[in-house]
Every structure is written in structure tokens, then in C-alpha cells.
Amino acid sequence: MVALGLQAAHFTAQQLSIRKQRTFGNFIRCGIAEPSGEPAPVGQKTKYNDGLFEKAFMTLFARKMEKFAAAPKAGMEAKKGWFEYDYESFVEVSKRVMLGRSRLQQQQVVRKVLLSMLPPGAPAQFRKLFPPTRWAVEFNAALTVPFFNWLVGPSEVVEVEVNEVKQKSGVHIKKCRYLENSGCVGMCLNMCKIPTQDFFTNEFGLPLTMTPNFEDMSCEMVYGQVPPPFEEDLASKQPCFADICSMANPSSSVCHKLQA
């Protein structure tokens with residue numbers, strides 16, 4: 001209270017509010033290092049300036065996933081220290097998690113990693129705090145934009161229609177950083193889309209559908225919309241990125257990582 005009183009002597013309430021918003025936004029938003037300030041065009045890799053916040057999340061997720069990952073190749077560091085992970089090394093750990101595992105096993109690993117980051121009983125508490133109401137889905141969409149930025153890149157809340165009701169529970173990811181850096185359809189679905197949908201829908205009780213666009217690497221997230229079964233999802237029929245994925249099977253009409 002004393003500190004707030006001292007600050008009030010220098011700033012009006014409005015100025016303080018604006019300053020807090022800017023500081024918070026700068027703290028949680030990873031910066032794109034492109035001259036345009038927007039993701040690079042398809043075919044080019046977007047450059048980012050990651051800060052401590054982003055690297056902390058990369059490290060947290062990577063170290064959790066290391067427990068399930070295959071051993072790194074000879075000459076590669078087995079485990080990095082805090083803030084030593086960058087996005088490329090985070091993606092590299094994800095690839096090692098996929099090795100030797102089926103589609104469902106990969107998704108189960110992600111579920112275990114997500115649960116390991118929550119205190120006991122957290123899903124039940126989430127269900128109480130955020131029942132599937134319009135307010136809850138719009139609130140979670142708003143939170144996604146800043147807090148998922150480190151993982152997927154810049155995004156924005158958009159209006160969508162769910163069950164004939166228009167609401168701002170959609171999130172448009174301009175060019176997914178995870179898909180762009182991995183170049184892998186299987187990683188997109190097995191390590192992100194499907195387990196994230198399942199976690200929100202079944203663990204948190206808040207339906208979520210994610211629809212990646214493999215043409216421009218954008219993605220649409222819609223909170224409040226129940227995802228379709230895997231077999232009916234158009235994304236499950238997507239072939240590999242034969243030209244950019246190191247694990248691609250060009251002879252297969254569907255990404256081999258999407259087969260059970």
C-alpha cells in the first residue's frame with residue numbers, strides 16, 4: 001500500500017493503468033524480429049526475439065518432456081539448464097518424444113506433461129470456475145492470446161458462431177510457430193492439436209476445437225465448440241510436408257505419424 005501511495009504521487013490513476021498494461025503486455029509478448037512486425041511469408045522462417053518469459057516456458061515444457069524423450073543423438077547435450085533452451089531445442093525434444101511411439105501414445109505423453117504442471121485437483125477446480133458459459137469461453141480466448149504467444153506466435157481474438165450464437169471465443173493464430181519450426185503434420189496433430197482439444201474438453205470440461213490451415217500455417221481455435229472425432233477431422237487426412245519435414249514419408253497419401 002505504501003508503494004502504491006508513492007507511485008500515486010507521480011502518476012495519475014489513468015497513467016498508472018496504461019503503464020501497467022504496457023509493461024504486462026511487453027513482459028508476456030515475444031517479439032517478432034521481422035521488419036514488418038508480422039510473421040514471415042509461407043516458405044520463410046519467422047524470426048523472433050524471445051525474452052526470459054518465453055525461455056522460461058520453453059525450458060519448463062522441454063524439461064518435462066525430456067522424461068519421455070528418446071536419448072539425443074551423439075554430440076548433442078542431453079539436458080540443458082534453465083533459460084538455456086531456445087525454441088529450436090524445445091521442438092527437438094518434441095521430436096524425440098515421438099520416436100517409437102504411436103499416435104495415441106504421443107498424445108498421452110502430452111496429457112501427462114500438462115497434468116504434471118497442475119496442482120492436484122486443478123481440473124476439478126477449473127470446471128467450477130469456468131463452466132461452459134459464454135463468459136468462460138470468451139475469457140479463455142482472451143487469455144490464450146498473450147499466454148500462448150510463446151508457443152504459437154501472434155494471435156488475435158475473433159468472433160465466431162457456435163450453436164448459432166455469435167461470440168468472441170475464437171482465436172486466430174496468424175502463423176503457428178510450432179508448425180512452422182517443426183514442419184511436421186504429425187507433431188501438429190499429435191503433440192498439439194489433439195491433446196490440447198482433449199485436455200480442455202475432457203479434463204477441464206470446456207470444449208475446444210482447433211483447425212490448422214496447412215496451406216498458410218495459420219490455425220483457428222474455437223472455445224465452446226466440441227471437436228469432431230479424429231476419424232472425421234479433415235486434418236487427419238493431411239499428407240506430410242515432404243519438402244520440409246525431416247521425418248516425412250513422401251510415398252504416403254496421409255502423414256504416417258497420424259496412423260495408429
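Predicted model: local features only at pLDDT ≥ 70, side-chain atom pairs only at ≥ 80, totals over all residues.

Q: Why is Thr196 called buried?
A: Thr196 has a relative accessible area of 12%, and the cut-off is under 20%, so Thr196 is buried. This residue Thr196 sits in helix H10 (residues 185–203). Leaving aside residues up to four places away in sequence, Thr196 touches Leu208 and Met210, where a contact means heavy atoms within 4.5 Å.

Q: What makes a stretch count as a helix or a strand, and how many of each are in the chain?
A: Both are DSSP runs numbered from the N terminus: helices are H or I with at least four residues, strands are E with at least two. On that basis there are 10 helices and 6 strands.

Q: What is the strand order in the open sheet, and how do the strands pair?
A: The 4 strands run in the order S3-S4-S6-S5, with antiparallel pairing. At the edges are strand S3 (155–162) and strand S5 (208–213), each pairing on one side only. From one strand to the next, the twist averages 25°.

Q: Why do S3 and strand S4 (residues 165–173) count as a pair?
A: Two strands pair if DSSP finds at least two bridges between them, and S3 and S4 have 7, so they count as an antiparallel pair. In S4, His172 is the bridge partner of Glu156.

Q: Which helices pack on the sheet?
A: H7 does, touching S3, S4 and strand S6 (218–223), and its direction makes about 20° with that of S4. H10 packs on the sheet as well, touching S5 and S6, at about 160° to the direction of S5. These angles run from 0 to 180 degrees between N-to-C directions, with axes as lines fitted to C-alpha atoms, for helices over the stretch in contact.

Q: What makes a space a pocket or a cavity?
A: On a 1 Å grid over the protein atoms alone, a cavity is a set of points where a 1.4 Å probe fits but cannot get out, whereas a pocket is an open set with protein on both sides within 12 Å along at least five of seven lines. Lining residues have an atom within 4 Å of a point.

Q: Which residues are closest to the centre of the largest pocket, and what volume does that pocket have?
A: The largest pocket has a volume of about 810 Å³. Of its 29 lining residues, Phe57, Phe61, Leu114, Phe148 and Phe200 are the closest to its centre.

Q: How many cavities of 30 Å³ or more are there?
A: The structure holds 1. About 80 Å³ of space lies in the largest cavity, and H10 gives the largest share of its lining, 3 residues.

Technical notes: Residues numbered from 1 in each chain as written. Heavy atoms only, no water. Buried < 20%, exposed > 50% of the residue type's maximum accessible area, 1.4 Å probe, protein only. Points joined across faces, edges and corners; volume = space filled by probe spheres on them.
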